[in-house]
Amino acid sequence: MTALSTKSATTSAAKSAAKSGVWIGYLAVLFLLPQVFDSILAISIFNQMAIAIVFALSYNMLLGQGGMLSFGHAVYFGLGGFLAVHALLLMESGSVYFPIALIPLIGGLTGLLAGIFIGSFSTRKAGTVFAMISLGIGELVAASSLIFTGFFGGEAGVSGDRTFGPPLFGMDFFSDTDVYYLAAFWVFISTVFMYLFTKTPAGRMANAVRDNPERAEFIGYNPRWVRLISFCAAGCFAGVAGGLFALNYEFLTDENLNLVTSGRVLLMAYIGGLGFFIGPIIGAVILTLMNFLLSNYTELYLLYLGILFLLTVLFLPQGFAGFIMMHQAAWLRGKLHTLVLPYLATGLPALLFILCAIGLLELAHASGAELHYLGLRLARDSLPTWAGLIVLAGLCCWLTVKSTPRLRRAWEAAQ
Amino acid sequence: MPEILVFATLNGLVTGLLLFMLASGLTLIFSMMGVLNFAHASFYMLGAYFAYSISLHFGYWTGLIFAPVIVGIIGALVERYGLRRVHQHGHVAELVFTFGLAFLIEEVVQFFWGPDTKNYQTPELLNFPLFTLFGQEFSAYRGFMLAISIGIFIGLYQVLTRSRVGLIIQAAITHPHMVANLGHNVPLIFTAVFGVGTALAGLAGVIAGPVLTTYPGMALVLGSIVFVVVVIGGLGSLPGALLASLLIGLLQSYAIAVDVGMPELLAVFGLEFPRDHPLDDLWTLNLTRIAPILPFLLLVLVLIFRPTGLMGKREQ
Amino acid sequence: MSILSLRGLRKNFGATEIIRGIDLDIEPGEKHAIIGPNGAGKSTLFHLISGKYAPTSGSMAFKGRPIENLPPHRIHRLGIARSFQVTNIFPRLSVLENIRCALLRPSGYGYSFWHLLDRERGLNEETGRVLERIGLAERAKIPAGEIAYSEQRALELGMAIAGGAELILLDEPVAGMSHSEAGNAVDLIRKVTEGKTLIMVEHDMNIVFDLADRISVLVYGELIACGAPAEIRANPQVQEAYLGEAQGNA
């Protein structure tokens, strides 16, 4: 018995050490990123990632942890952002004076208040009814923003200036790098709090209510209150993300409130993986990178994004994080290496197939006579090019399909 | 004033019945499968685009017949190979799937037809004013839209209440397991209903395309309104969907036609605010400007005070 | 004073009367069994007491306090916990989390978002004790949806008894268990309900006569008899309505 408890004590100590290691690593990555990649472009991408991470994590408090599918999460993001821009404007006009670092807090408070107000009547039910109310409110707020032009600036939006506040640690926020460090600080704080929330009674009961609201009632919890707490917390952190957005772009329009933004955060969280805390972070990073890498090179970026999203819903319902975690059992049993070859045998043709398919789509969509693709020059009106791509795509597809049974067997053997 | 009311009513009816063509399919699909198809309006858009392409080569009337059929086939395929697969992961996954599908269809449409508005024309045959009232013309094409919508409504009603298939569908709505146990192929019925529902949406697209313009954003604009309609009517209730369609259609039509607002309302109380008041936007609101948000306002109010909708029975 | 008293309790579903006027008093510390043929309304009665359904008419009082208009979570907070006939757990949460969730409200955590569950020593020790008691300590980390049926039944029972409620309602606690498992479950029920009040619905007559101090017989929504096991056994009406039928079936 003593031996057992000592052993469990050491493992739990090792676990908590590993956990703090992860957090320190996270902090280090956040801090070191702009030192390693210090181009203006890289910094601007990191800022987008930071905003996306907080926003996607807040969304997952609703959908992944609370089982509430929202089509209107941009409302809290946008309102937080607009209030933050107005705070910047007030500072510019000299009516108030406070540290710029606290701007995301204004966004957070706005999101929280909006969450309390809207959540008070929308969290009575989860499921379809909740989804519909969120959609209705999202459309209502987005449409209203075009009507109340005094506050929302109509189609043109509202812009502010982040450089009027007092400097902080010698940072005056003229450069995006200054904004990045501030954003990184808020990302870290928000991630910590959102993670800790999952470890509290309210956070755990959110999972319980998601799984079985009826049973939760018979252990003394009102599902509506449990949902409301998650909803408000999600609104608050979405507002923080909105505040960061306001600081980074100094500019908000109605698009930050509408279905496009709400849909994007759903995509991020879902592609990253709803069932895991880290999922939305992965989704935010992947989608931001994809957005940057692809949108400059192809007009079809959104088409690819749509295909990726549907494939994720169909074949990887647990998202990328779920895909990684699927390998945990094999890893624990030391059999991960047995999967490498089968993965290559299936993955390489699959990758080639994807490249061919993209090539075909781009070729079909290209406006000029030639398409520069992966170092190749493809002529639009050359039959051999088309035929070659189609044959290669077919071949790769065939190879992929042929090799999947082997992958499946290897997979089952490794479990 | 009377001419405004007459035309607003007629236009409201046209919009309302058009909405019902989408709402009826959406309602049937929801009540049978429990799936609120987010991509329903995307099939409406596909209908308009297919019909446009067909009409370029074979004329409007060929498009009117074939476009809905193609859309219905696509819909059935989506149900069979997409929805059925995610069904095992629950309602949220299904809703997310249809959301992704709506997103994808919009991109696919832009891929094939480009981002610009298509010059989809009403047929020559119907290019004349049906009647002229108070000096205003009511086009024959709008009359044709009304006729088609009413025809579809009557046909749907007959099929559902008179035919054997209709009886099975009605039974499958309330007792899906029972119907399956009676030996009916429920999955096949699901696919068929999904196909017919999307074909109806496609038909709505074919006839609405020339009037409401055919462009890649048309699904998004109408889609959320149709959602509002089925939720306000009561999820799964066909009479409710009809009532709500007409309500929303007329509401929007009147709101645009009758230009009254806060200034008039305030004038009744003898109040007047200076133009530079901080809440100027609020004091100068009028019905025309808030027309786009009326459906959503109505939706939120209905969901708060009557979550089952006007004529719905079940909440989930 | 009785801990639970039902007066003229009725429940209709549309035109169908399921519970047709029940008067019943449960004394503190009593082990009370409700028996009756299928469709007699036993589960409905539990749903009424625990607040899942609101009664059509009549009154219910727990320790003198009216509860007929309270929602389930309020009734639970007063000190009534229950289990379900059809396993009703949180399938994606681990066995341990299921028990810990059931302990949260009775331990006074409420909707707290400022306590960290893993740091709450008392809560976790109590969770461990409950897990030991229901024999699921080894399965603590597994998602509750993935354990065996009999283990889920034990978990269901564990969630009902975890908070130490004064009145525990068990709806067919040993349904679907093997003979030896049922024996263990009975020992467990006896142990954990010591000093508590227990109302149970059960079909297994051995268990009923073994555990109960008093038995009520419910037939078509009405109580036709109520008394000590020996009285019930001897009651001719009961013989006819229930035991007779059961013997006839066997």
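Modeller: Let us begin with chain B, whose secondary structure comes to 14 helices and two strands. Helices (H or I, at least four residues) and strands (E, at least two) are DSSP runs, numbered from the N terminus. This is a predicted model, in which local features need pLDDT of at least 70 and side-chain atom pairs count only at pLDDT 80 or more, while totals for chains, interfaces and linings use all residues. Residues are numbered from 1 along each chain as its sequence is written, and chains are lettered from A and ligands numbered from 1 in the order in which they are written.

Biologist: What share of the residues in chain B is buried?

Modeller: A residue is buried if 20 or more other C-beta atoms lie within 10 Å of its own, exposed if 12 or fewer, and partly exposed in between, with C-beta atoms placed from the backbone. Of the 316 residues in chain B, 45% are buried.

Biologist: Is L285(B) buried, partly exposed or exposed, and why?

Modeller: L285(B) counts as partly exposed because 16 other C-beta atoms lie within 10 Å. L285(B) sits in the loop between α12 and α13 of chain B.

Biologist: Which residues have the most contacts inside the largest nonpolar core?

Modeller: A nonpolar core is a set of buried Ala, Val, Leu, Ile, Met, Phe, Trp, Tyr and Cys residues joined through C-beta atoms within 7 Å. The largest one here has 268 residues, and V54(A), V226(B) and V229(B) have the most contacts inside it. Helix α10 (residues 223-249) of chain A gives the most to this core, with 17 residues. Leaving aside residues up to four places away in sequence, V54(A) touches W186(A), V187(A), S190(A), F237(A), V240(A), A241(A) and L244(A).

Biologist: Which pair of chains shares the most contacts?

Modeller: Two pairs of chains are in contact, and chains A and B share the most contacts. Chain B brings 39 residues to that contact and chain A brings 33 residues. On the side of chain B that touches chain A, the largest share, 14 residues, comes from α4(B). By class, that side has 27 nonpolar, six polar and six charged residues. Here Ala, Val, Leu, Ile, Met, Phe, Trp, Tyr, Cys and Pro count as nonpolar, Asp, Glu, Lys and Arg as charged, and the others, Gly among them, as polar.

Biologist: How many residues of chain A are in contact with chain C?

Modeller: In this contact, 24 residues of chain A meet 28 residues of chain C. α8(A) supplies the largest share of the chain A side, eight residues. That side has 12 nonpolar, six polar and six charged residues. No contact joins chain B and chain C, and their closest C-alpha atoms lie 13 Å apart.

Biologist: In what order do the strands of the six-stranded sheet in chain C run?

Modeller: Two strands pair if DSSP finds at least two bridges between them. The six strands form an open sheet in the order β6-β7-β8-β3-β9-β10 (chain C), with mixed pairing. β6 (80-82) and β10 (222-227) of chain C stand at the edges with a single partner strand each, so one side of each lacks a neighbour in the sheet. Within the sheet, β3 (residues 31-35) and β8 (residues 197-201) of chain C pair in the parallel sense over four bridges, and I34(C) stands opposite V201(C) in β8(C).

Biologist: Which helix packs on this sheet?

Modeller: Axes are lines fitted to C-alpha atoms, for helices over the stretch in contact, and angles run from 0 to 180 degrees between N-to-C directions. Helix α1 (residues 42-50) of chain C packs on the sheet, and its direction makes about 150° with that of β7(C). α1(C) also lies across β1 (4-13), β2 and β4 of chain C, at about 65° to β2(C).

Biologist: What is the pairing in the four-stranded sheet of chain C?

Modeller: Its pairing is antiparallel, and the open sheet has the order β2-β1-β4-β5 (chain C). For example, β4 (residues 57-62) of chain C and β5(C) pair over two bridges, with A61(C) opposite P66(C) in β5(C).

Note on methods. Contact = placed C-beta atoms within 7 Å.
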